[in-house]
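Here is a walk through one protein model, written for someone who likes to have the atoms open alongside. Have a look at it first.

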Amino acid sequence: MRSPSVLIDDRSVVVDGHAIPGRWLRDHGDDAASLNPETKQRLVDTFAIPADIAPLSVSVDGVRLGVDWSDGARTSHSIPALERLLTSRRSPETRPSVGFAIERDLALWSSAPDVSWFDVACFDDDEAWQPAIEHMYRRGWVAFDGAELGEEAPARLAARIGYQRACIFGTLWNMNSGSFEHADSAYESGNLDVHTDGTYSHDAPGTIIFAQQLKTGEGGDSVLVDAFAAARDFQAAEPEAADLLTRYSLRAHYVEPGVHLIAERPSLRVDEHGVLQQVSFNNYDRSPLLPAAGVVDDVIDAYNAFRAVFSNPDRALYHEWQPGRMLVFDNWRCFHGRTEFTGDRHFKGCYTNHEDLESAYRLAGLTPPAL
Ligand SMILES: [Fe+2]
């Protein structure tokens, strides 16, 4: 087999005459330090890569490319995979830049609001449900207390919104520390960066419901961030970068034995009327996609800049857990994450579709009916 020609040109690695920007390549190693070999989730800290990162030396061993970097790291790459990416470079959608609006009557929050606790009895009481669903609509999340342990409480909440959505994790799933039912970062005990779920799904879950069952040890708060407020503030500060994230689709994947999901959409999905509909961002699950030459730095800069805005800890709401507490949030509106924890931490949880959440808003008179 012909050996590819690989050389360094300034801050790029050139494979068979095609320059791959080092700043992109450093983020896309498939070695065990860069990518979890089982889940294919990203391990490299994307946001710590210096913008002026440069390859120092390259080596080829069969179909593998090795690169030593100016930050001391060494990454390894599949040359056939790089060649596929080079032939399918992605450009932003071209359309006039119009910015985006957030039209719904939302109470955007850029610092933690006070937490109102609703009693789970409201699941069966239309009058008591009204302020809870209105809180969800305005702020993107709502917290409950007083739940019996077990499956019934999350099932009743899902039924109040719509129905439990079956997915790769099951329908009503257990997320128990130490069980590793799925080899996903969500099942580990370290700090989990804020993200949205289902970036690998064409129709990402609309809501996420968590019901805590057991807690020992310290930490493990849920972290919520208003992604729409962050998007608004990002657009105000960096309109061109925000516009680029409405026009450039990112790809994401979920891999486990018997499953290989891929989907893609812009981080800021805006409808044809210029209204922000959905925020998607999960750096763990982001797939390699090489931006077209000429926009690589713009795409990386915009992606990193949006992350810098929404990961500011001043924006975070820390939700403290106890067994019997529940939380539901809009996965298209809010980022979620988790602080590091010790001990055992058990949840039952499920997803619902976004269309059912919208239906619940309509039934509560919060958005107009169709006719
Ligand atoms: Fe998640």
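This is a predicted model: local features need pLDDT of at least 70, side-chain atom pairs count only at pLDDT 80 or more; totals for chains, interfaces and linings use all residues.

Residues are numbered from 1 along each chain as its sequence is written, and side-chain values use heavy atoms, with hydrogens and water left out.

**The iron site**

Let's start with the metal. The iron ion has His195 (NE2), Asp197 (OD) and His336 (NE2) as its protein donors, at 2.1 to 2.2 Å. Donors here are N, O and S atoms within 2.8 Å of the metal (3.2 Å for Na, K and Ca), and since water is not among the atoms, sites may look incomplete. Along the chain, the donors are spaced as H-x1-D-x138-H. His195 counts as buried at 6% relative accessibility, and Asp197 counts as buried too, at 13%. For burial, the cut-offs on relative accessible area are under 20% for buried and over 50% for exposed, with partly exposed in between (1.4 Å probe, protein chains only).

Strands (E, at least two residues) and helices (H or I, at least four) are DSSP runs, numbered from the N terminus.

β12 covers residues 222-226 and has Ser222 in it. Ser222 is buried, with a relative accessible area of 7%. Its side chain makes a polar contact of 2.8 Å with that of Trp321. A polar contact is a pair of N or O atoms within 3.5 Å; within protein, one must be able to donate a hydrogen and the other to accept it, and residues adjacent in sequence count only if both atoms are side-chain atoms. Leaving aside residues up to four places away in sequence, Ser222 touches Leu317, Tyr318, His319, Trp321, Leu327, Gly337 and Arg345. Contact here means heavy atoms within 4.5 Å.

**Cysteines**

A disulfide is a pair of cysteine sulfur atoms within 2.5 Å, and by this rule the count is zero. Two of the cysteines look like this:

| Cysteine | Nearest cysteine sulfur | Distance |
|---|---|---|
| Cys334 | Cys350 | 17 Å |
| Cys350 | Cys167 | 9.3 Å |

Cys334 is buried at 0% relative accessibility, and Cys350 is buried at 0% as well.

**Nonpolar cores**

In soluble globular proteins, nonpolar side chains tend to be buried together. A nonpolar core is a set of buried Ala, Val, Leu, Ile, Met, Phe, Trp, Tyr and Cys residues joined through side-chain atoms within 4.5 Å. The largest one in this model has 60 residues, and those with the most contacts inside it are Trp129, Ile133, Phe144, Leu157, Phe306, Met326 and Phe335. Helix α7 (residues 296-310) gives the largest share of this core, seven residues. A second, separate core has 21 residues, including Trp109, Ala143, Tyr187 and Ile208.

**Helix α5**

Helix α5 runs over residues 227-237, and its buried residues are Ala227, Phe228, Ala229, Ala230, Ala231, Phe234 and Gln235. Among the elements covering them are β12, α6 (239-247), α7 and β19. At the helix start, a side-chain oxygen of Asp226 comes within 3.0 Å of the backbone nitrogen of Phe228.

**Two aspartates in loops**

Finally, a look at some backbone angles. Asp10, in the loop between β1 (6-9) and β2 (12-15), has a positive phi near 55° although it is not a glycine. Asp10 is exposed, with a relative accessible area of 63%. Asp16 lies in the loop between β2 and β3 (18-21) and has a positive phi near 50°, again in a residue other than glycine. Asp16 is partly exposed, at 28%.
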